[in-house]
Every structure is written in structure tokens, then in C-alpha cells.
Amino acid sequence: MSTPSEPEQVRLRAALDALPAYVPGRPAVTKPGQTAYKVSSNENPYPPLERVRAVIAEAAGNVNRYPDLAVTALTAAIAAHVGVEPAHIATGNGSVAVLAHLITAMCDPGDEVVYAWRSFEAYPIVVALAGASSVQVGLDADDRHRLDAMAAAVTERTKVAIVCSPNNPTGTTVHRRELERFLDAVPAHVLVVLDEAYVEFVADVDAPEAISVWRERPNVMVLRTFSKAYGLAGLRVGYAVAHERMARALRSTATPFGVSSVAQAAGIASLAAFDELQERVEALVAERARVAMALEEQGWKLPVSQANFVWFPLGVDSSDFNRACQEAGLVVRQYGDDGVRVTIAEVEANDRLIEVAQAFGPR
Ligand code: PMP
């Protein structure tokens with residue numbers, strides 16, 4: 001069979017040439033006699049609650065119909081949960097989509113988006129897709145945001161600044177006072193996004209209360225997701241808490257019917273089951289503390305993680321650590337020569353991480 005010829009006359013945008021690839025976590029590869037664990041995507045190891053699964057099954061019976069375009073019931077449930085008005089909520093198929101809607105709403109080619117680096121790898125992609133420019137500000141020696149340097153990096157062309165807290169992949173949070181100082185320094189025309197994909201796992205008392213910050217600041221928006229604490233990564237639903245004009249802009253740039261009817265129903269059911277899901281989050285936070293303590297006792301000096309993962313800033317040793325994890329049946333996420341990120345997951349997976357770290361030798 002002949003292959004159709006490449007459509008070389010078709011004019012793709014040049015922005016695509018420079019696009020970094022989004023690397024998804026690889027699936028676990030099982031060896032005989034060894035259970036493998038996928039600890040590369042910060043997913044929730046718990047399967048959906050029975051009640052949530054029943055709602056998903058029921059919603060599946062209606063997928064011949066389009067979902068509610070306005071996402072009315074889920075928006076109302078999120079608004080009640082967060083303590084804001086429904087007009088302040090904009091949803092999308094994953095918070096990464098909401099971020100893309102935001103960049104589309106705000107950035108023309110040549111505009112700048114400031115964020116820390118390393119941080120969530122989707123940031124450079126959504127920025128480049130809009131034809132905008134990324135201004136990446138390196139993390140400090142403790143793998144934390146340098147908010148003063150980020151404020152200093154803002155120019156006339158800056159439209160958006162993203163603060164990822166806890167930061168993916170390092171797990172570090174920004175603190176209330178430094179965030180307030182940053183917000184005081186940033187001009188009012190710059191929208192500051194607080195990406196809180198992992199907020200439910202935060203135990204740090206100095207972490208900001210993002211919704212209160214949002215209430216006081218017209219140029220702040222908060223991004224959250226059902227993918228992590230709520231265990232709905234496969235259904236793709238996230239949201240922004242935004243002031244009305246911004247929320248409207250996010251709705252107007254969103255893919256129509258982007259949040260499926262199954263995802264809407266599952267989101268509502270998960271908010272209704274919040275207490276039960278919270279117990280799972282608490283169990284994961286306790287596991288994170290157990291792993292952190294064990295690694296510390298081994299002599300590791302790692303950043304304190306407030307998320308559902310641990311960051312090993314191993315530099316050139318990252319590949320060796322990745323291989324050691326793989327050998328032990330742990331599929332982890334390596335970021336070049338920066339480090340390796342490992343999700344806190346099943347107790348058995350966490351035990352295995354502790355063993356691998358011990359054998360590898362603390363750094
Ligand atoms: N923000 C951060 C910091 C993340 O780590 C992730 C998921 N990896 C997201 C946003 C996007 O999550 P989702 O699109 O699944 O809501």
C-alpha cells in the first residue's frame with residue numbers, strides 16, 4: 001500500500017517547530033514475579049470510590065447527548081465547595097486546558113509569560129503555542145521559587161506570571177509573606193496565576209490561603225484540578241477561581257463541550273464524597289511523611305515536599321537513579337540531568353522507593 005505524500009505545501013505555524021514535547025509518564029512494565037508501579041505521573045493510587053464509579057456508569061448511558069455546555073451543576077458544586085459565586089468558576093478538560101484557555105485569552109505573539117523553572121512542563125508548551133515568549137526564572141538552591149527575581153523579570157510585555165505551589169516537580173511551596181511581597185511588586189495589568197494542582201496535600205502552615213489572596217487581588221486567579229486528590233485524572237476536569245471578567249474570558253476561549261458529561265457527573269459526586277476522599281489524601285500525606293523521614297534517616301538531603309511526590313535533585317546521577325528504580329519495578333519520571341520525581345503511591349511502592357534510595361546511597 002502506498003503512503004500518502006506529506007502535505008508540504010500546507011503551512012504549519014513556525015511556533016510548532018520549537019515546541020517542547022510533553023512527556024507523559026510511561027506505563028509500568030512488569031517482570032515475572034515483580035509487581036511494577038507507575039509512580040511517574042503524580043496520580044492517585046486509589047481507584048474511584050464505589051459511589052463515584054456508580055455515577056460514572058450511569059452517566060455513560062447518556063453519552064449520545066452533548067454535555068451541559070455551561071457545566072451548570074458542577075460549577076455550582078465547585079463554587080459551594082470553594083466558597084465563591086458560580087460566576088467565579090471556569091472549568092476545562094483538565095486544569096492544563098484552563099491554563100491554555102487563559103494564555104489564549106491574554107497573549108498575543110511576542111507577549112511574555114514569567115514562571116519559575118523547573119516547573120510544570122506544560123507551561124512552555126502552552127506559551128509557545130500562543131506565539132508568546134516564556135521568561136523562565138531559575139529556582140533557588142532549595143528548589144523554591146525566587147519570587148523577587150520573578151517580579152524583577154516582569155516587563156511591559158508581561159501578560160501573565162505563573163506561581164506553581166506546590167511546585168511540580170520539586171514539591172516546594174511559596175510562603176504567604178513572600179507571595180504578598182511579589183503581588184505588591186507586580187503591576188496590576190499582569191495576571192498572576194496560582195497553580196494549586198496539589199493544594200489538598202499541603203500541610204505547611206506558611207503556605208498561602210489562595211482563595212483569600214484571590215479575593216483581595218483583582219489580578220489573581222487560582223487553578224485547581226480533580227486529577228490528583230480527587231483521583232479523576234482519566235476524566236480530565238480542572239477549574240479556575242477567577243474574577244468575573246477573567247472567568248468570562250476563560251469560557252469564551254474554551255473548547256465548546258470540553259468537559260464531558262461523565263466528567264461533570266463524576267466531579268459532582270466526588271465533591272459530595274469529599275470527606276471520604278480527604279481520608280485518602282491524609283493517608284497519602286502520612287505516607288509522604290514516612291518516606292521523607294526514612295530518606296532523611298538514610299542521610300538524603302531533599303527539598304521538603306508538600307505534594308504527592310518526592311524530588312531527587314540528582315544532577316548527572318539522575319539516569320542511574322532512574323535505572324535503579326526501573327530495576328526495582330518503579331516507573332519514575334526523570335527530568336534530564338536535573339533530577340527524578342517519584343509519586344507517593346501504594347505503601348508497597350513507597351517501601352520499594354525507600355529500599356532503592358538506601359541501596360543507591362544518599363546524596
Ligand atoms: N498544574 C500542575 C502543577 C500539574 O502538575 C498538573 C498535572 N501534572 C496540572 C496543572 C494539570 O493537571 P490536569 O490537567 O490533569 O488538571
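A: A polar contact is a pair of N or O atoms within 3.5 Å; inside the protein, one of the two must be able to donate a hydrogen and the other to accept it, and residues adjacent in sequence count only if both atoms belong to side chains. The model is predicted, so local features need pLDDT of at least 70 and side-chain atom pairs pLDDT 80 or more, while totals for chains, interfaces and linings use all residues. Residues are numbered from 1 along each chain as its sequence is written, and side-chain values use heavy atoms, with hydrogens and water left out.

Ser-227 places a polar side-chain atom 2.6 Å from an oxygen atom of the ligand. Asn-168 does likewise with a ligand oxygen at 2.8 Å. On the nitrogen side, an N or O atom in the side chain of Asp-195 is 2.7 Å from a nitrogen atom of the ligand. The ligand alone exposes 400 Å², of which the protein buries 93% (Shrake-Rupley method, 1.4 Å probe).

The shell has 13 residues, each with a heavy atom within 4 Å of the ligand. Ser-227 is among those that come nearest, together with Ser-95, Tyr-198, Thr-225 and Arg-236. By class, the shell holds five nonpolar, five polar and three charged residues; Asp, Glu, Lys and Arg count as charged, Ala, Val, Leu, Ile, Met, Phe, Trp, Tyr, Cys and Pro as nonpolar, and the others, Gly among them, as polar.
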